[in-house]
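Dear colleague,

I am handing over the structure we talked about, and I would ask you to keep it open while you read. My notes on what was found in it follow directly below.

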Amino acid sequence: MSIDPFIALVVRGALAALMMAAAWHKLRDMAAFTDVLADYRLLPAAALPWVAPLVPLAEGSAAIVTLVWGTPGLVAIAGLLLLYAGSIAINLKRGRRTIDCGCLAFGKTGMPIHRRMVVRNVMLAIIAFAIAAAETSGRSLMWLDWFGMACAILATALLYAIMEAATAQARRIRS
């Protein structure tokens with residue numbers, strides 16, 4: 001079974017946009033990101049100055065590869081999402097529920113880790129793997145398809161941002 005190239009390209013674009021936004025967010029405040037990474041307590045302190053810059057580099061690279069070559073980038077994005085899900089799950093298992101997720105604004109949004117983040121990241125990884133494995137039909141894309149893709153990717157990014165903001169607001173209200 002094959003999927004329409006419109007769907008495949010929208011998913012590729014949306015996941016690439018998510019990774020680029022994540023990379024930009026970390027690069028804007030590398031010191032704060034390094035502190036968040038340290039708070040997960042998964043790496044030795046001596047490794048943090050070396051590993052922290054590699055995370056946004058990996059995210060940005062995965063995004064670019066996804067846009068240019070597709071499948072290898074989608075597999076990289078899925079791997080990063082599973083790495084994040086695993087990191088969150090390990091800390092939840094340790095009972096460390098108040099650490100910052102590192103998702104938005106490094107502690108300013110009230111977004112400590114939660115099991116929903118594990119589920120979200122695993123679901124996004126499954127989508128990335130599914131699109132990477134899917135065969136696309138040979139349908140030619142027209143200008144309206146490209147316009148529709150741009151609109152769909154923008155709508156997906158806005159919906160994701162709204163959901164993240166709503167989740168942060170709900171957590172603040174409950175606190």
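Does Ile99 count as buried or exposed? Ile99 counts as buried, because its relative accessibility is 5% (buried means under 20% relative accessible area, exposed over 50%, and partly exposed in between, with a 1.4 Å probe and protein chains only).

Before going further, please note that this is a predicted model, in which local features need pLDDT of at least 70 and side-chain atom pairs count only at pLDDT 80 or more, while totals for chains, interfaces and linings use all residues. Residues are numbered from 1 along each chain as its sequence is written, and side-chain values use heavy atoms, with hydrogens and water left out.

To return to Ile99, this residue is found in the loop between H4 and helix H5 (115-133) (helices, H or I of at least four residues, and strands, E of at least two, are DSSP runs numbered from the N terminus). If neighbours within four places in sequence are left aside, Ile99 is in contact with Asp39, Tyr40, Asn91, Met111, Pro112 and Ile113, where contact means heavy atoms within 4.5 Å. His114 is 15 residues away from Ile99 along the chain, and the C-alpha atoms of the two are separated by 9.6 Å.

Apart from its neighbours within four places in sequence, Asn91 is in contact with Asp39, Tyr40, Leu42, Arg96, Ile99 and Ile113.

Next come the helix pairs. Two packed helices are described by the angle between their axes and the distance between the axes; axes are lines fitted to C-alpha atoms, for helices over the stretch in contact, and angles run from 0 to 180 degrees between N-to-C directions.

The axes of helix H1 (residues 5-28) and helix H3 (residues 48-69) come within 8 Å and cross at roughly 155 degrees. That makes H1 roughly antiparallel to H3 (angles under 35 degrees count as roughly parallel, over 145 as roughly antiparallel, 65 to 115 as roughly perpendicular and the rest as oblique). H1 passes H3 in a left-handed crossing, a crossing being left-handed if the near helix is turned anticlockwise from the far one by less than a right angle, and right-handed if clockwise. By class, this contact of H1 with H3 has 12 nonpolar, three polar and three charged residues (Ala, Val, Leu, Ile, Met, Phe, Trp, Tyr, Cys and Pro count as nonpolar, Asp, Glu, Lys and Arg as charged, and the others, Gly among them, as polar).

Glu59, which lies in helix H3, deserves a separate look. Glu59 counts as buried at 0% relative accessibility, and a polar atom of its side chain lies 3.1 Å from the backbone nitrogen of Ala23. Not counting residues up to four places away in sequence, Glu59 touches Met19, Ala22, Ala23, Lys26, Leu80 and Tyr84.

H3 also packs with H4, at an angle of about 145 degrees and with the axes 6 Å apart, and H3 passes H4 in a left-handed crossing. The residues of this contact divide into 11 nonpolar, three polar and one charged.

H4 and H5, in turn, pack at an angle of about 160 degrees with their axes 8 Å apart, and they are therefore roughly antiparallel to each other. H4 passes H5 in a left-handed crossing, and the contact has 19 nonpolar, two polar and one charged residues.

Two further residues remain. Arg41, found in the loop between helix H2 (30-39) and H3, has a positive phi of about 55 degrees although it is not a glycine, and at 54% relative accessibility Arg41 counts as exposed. Gln169 lies in helix H6 (residues 143-174) and counts as partly exposed at 37% relative accessibility; the C-alpha atoms of Gln169 and Met111, 58 residues apart along the chain, are separated by 9.1 Å.

Conventions:
A polar contact is a pair of N or O atoms within 3.5 Å; within protein, one must be able to donate a hydrogen and the other to accept it, and residues adjacent in sequence count only if both atoms are side-chain atoms.
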